[in-house]
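Trainee: I would like to learn how to read this model, feature by feature. Where shall we start?

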Amino acid sequence: MIIEDVHQGVLRKFDALKGQTLVGKIPIKGVSKEQRVPADEFVSESHILHDLIRGFYKPAGMPYLISYQATESVENYGQQITWKSKVNNQFETIEMRPPNSPKDNRKKSDIAAARYNLKNQIPIGILLKVKKGVNTILGLGIIIKENEKGIFIVKPYTLTTVVFKTELEKFAHQIINNDDFDQELVTEILQEVKQRKGQARFRKLLLANFDVCRLCGVKAEHTRASHIKPWSSSTDNERLDEHNGILLCPNHDYLFDKGLITFEENGEISISSLLSSTQRMNFNVNSTLRIRISDEMKKYMEYHSKFIFVK
């Protein structure tokens with residue numbers, strides 16, 4: 001599953017790379033499942049543009065398509081693209097055809113995902129398979145309809161229009177100047193949007209310095225960026241201070257966030273008395289664990305120990 005910020009970054013990348021030809025799998029899907037395309041100016045984390053397995057690309061756990069690989073190969077789907085200018089890689093429409101094999105076990109989920117994109121008007125990245133190992137980025141497309149043959153019709157799309165990261169952001173955009181809405185609610189929503197954007201930037205700062213959970217070594221892609229001094233209690237500068245952060249796996253992030261663990265000045269773990277011995281074992285925490293705490297982190301950890309930790 002990918003997070004919304006990564007999804008939007010991938011769409012920005014497709015938009016920015018329009019017309020470029022990518023050779024090999026590495027710039028599209030990375031070296032392996034464990035080593036995806038690294039973070040760049042568009043996407044804040046390691047990512048994948050397309051899995052290069054089939055036309056439709058729907059990441060596991062997501063209800064929508066991220067991208068589509070078009071082809072003009074006769075042995076595949078034939079002429080899918082109506083060109084506006086093939087020289088300039090500009091298309092008028094693409095006939096996005098689901099797999100036609102009745103034995104394809106992903107056909108139903110692909111079609112459901114395409115319908116989700118259509119209903120919610122979520123754009124997709126478009127690649128053109130020129131030949132094996134060579135793909136040209138055609139930018140973004142938007143599904144405008146599904147015809148009677150079950151073919152999805154795609155037209156070009158650009159990010160010059162507003163693309164919202166979440167329904168919350170879209171709602172805030174719609175109501176910000178509407179006097180019919182409770183302005184306190186508007187303020188609360190906008191603060192939530194601001195917090196989510198700040199959290200994404202904050203995580204990027206932590207990932208620049210750490211690539212695993214600080215406590216157990218789980219890979220960074222499975223971790224969460226936790227504020228030591230909570231966002232709600234921090235100043236604007238503290239919210240984006242990388243020293244006010246710790247990268248933890250979901251289990252240890254939960255314990256830290258709930259004040260069930262904290263860390264002393266020397267990095268030794270302190271475990272709340274609320275955790276039973278069985279819970280400690282299940283959460284993989286014990287009194288021998290410790291992390292390295294920099295001098296800049298100490299004031300934040302002191303706050304956490306004093307005001308968040310439950311002894």
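Mentor: Start with a hairpin: β6 and β7 form one, with two residues between them. In that turn, Gly-133 has a positive phi of about 80°. Helices (H or I, at least four residues) and strands (E, at least two) are DSSP runs, numbered from the N terminus.

Trainee: What should I know about the model and its numbering?

Mentor: The model is predicted: local features need pLDDT of at least 70, side-chain atom pairs count only at pLDDT 80 or more, and totals for chains, interfaces and linings use all residues. Residues are numbered from 1 along each chain as its sequence is written, and side-chain values use heavy atoms, with hydrogens and water left out.

Trainee: How many bridges join β6 to β7?

Mentor: Two strands pair if DSSP finds at least two bridges between them. Here seven bridges join β6 (124–131) to β7, and the two strands run antiparallel. Lys-131 has Val-134 of β7 as its bridge partner.

Trainee: Which hairpin do β7 and β8 form, and which residue in the turn has a positive phi?

Mentor: Their hairpin has five residues between the strands. Gly-150, in the turn, has a positive phi of about 80°. Six bridges join β7 to β8, again in an antiparallel run. Gly-141 stands opposite Pro-156 in β8.

Trainee: What joins strand β1 to β7?

Mentor: Three bridges join β1 (residues 21–23) to β7, and these strands run antiparallel. Thr-21 has Thr-136 of β7 as its bridge partner.

Trainee: How many residues of β7 are buried?

Mentor: Apply the cut-offs: buried means under 20% relative accessible area, exposed over 50%, partly exposed in between (1.4 Å probe, protein chains only). In β7, ten of 13 residues are buried, which leaves the strand mostly covered.

Trainee: Now a helix. What span does α3 reach?

Mentor: The expected span is 1.5 Å times one less than the number of residues. Helix α3 (residues 107–120) has 14 residues. From first C-alpha to last it reaches 20 Å, close to the 20 Å expected. Just after α3, Gln-121 takes a positive phi of about 50°.

Trainee: Which residues of α3 are buried?

Mentor: First the general idea: an α-helix has 3.6 residues a turn, so residues three or four places apart point the same way. In α3 the buried residues are Asp-110, Ile-111, Ala-113, Ala-114 and Asn-117. Seen down the axis, they fall within an arc of 160°, so they line one face of the helix. That arc is taken from the directions from the helix axis to the C-beta atoms. The face turned away carries the exposed residues Lys-108 and Lys-119.

Trainee: What do the buried residues of α3 pack against?

Mentor: Contact means heavy atoms within 4.5 Å. The buried residues pack against β2, β5, β6, β7 and β8.

Trainee: How many salt bridges does a search of the whole structure find?

Mentor: A salt bridge is a side-chain nitrogen of Lys or Arg within 4 Å of a carboxyl oxygen of Asp or Glu. The search finds nine. One of them pairs Lys-13 with Asp-40 (2.6 Å, N to O). This pair links distant parts of the chain: Lys-13 in helix α1, Asp-40 in the loop between α2 and β2, 27 residues apart. Lys-13 is buried at 7%, whereas Asp-40 is partly exposed at 22%.

Trainee: Which residue forms a salt bridge with Arg-115?

Mentor: Glu-146 does, with the closest N and O atoms 3.0 Å apart. Arg-115 lies in helix α3 and Glu-146 in strand β7, 31 residues apart.
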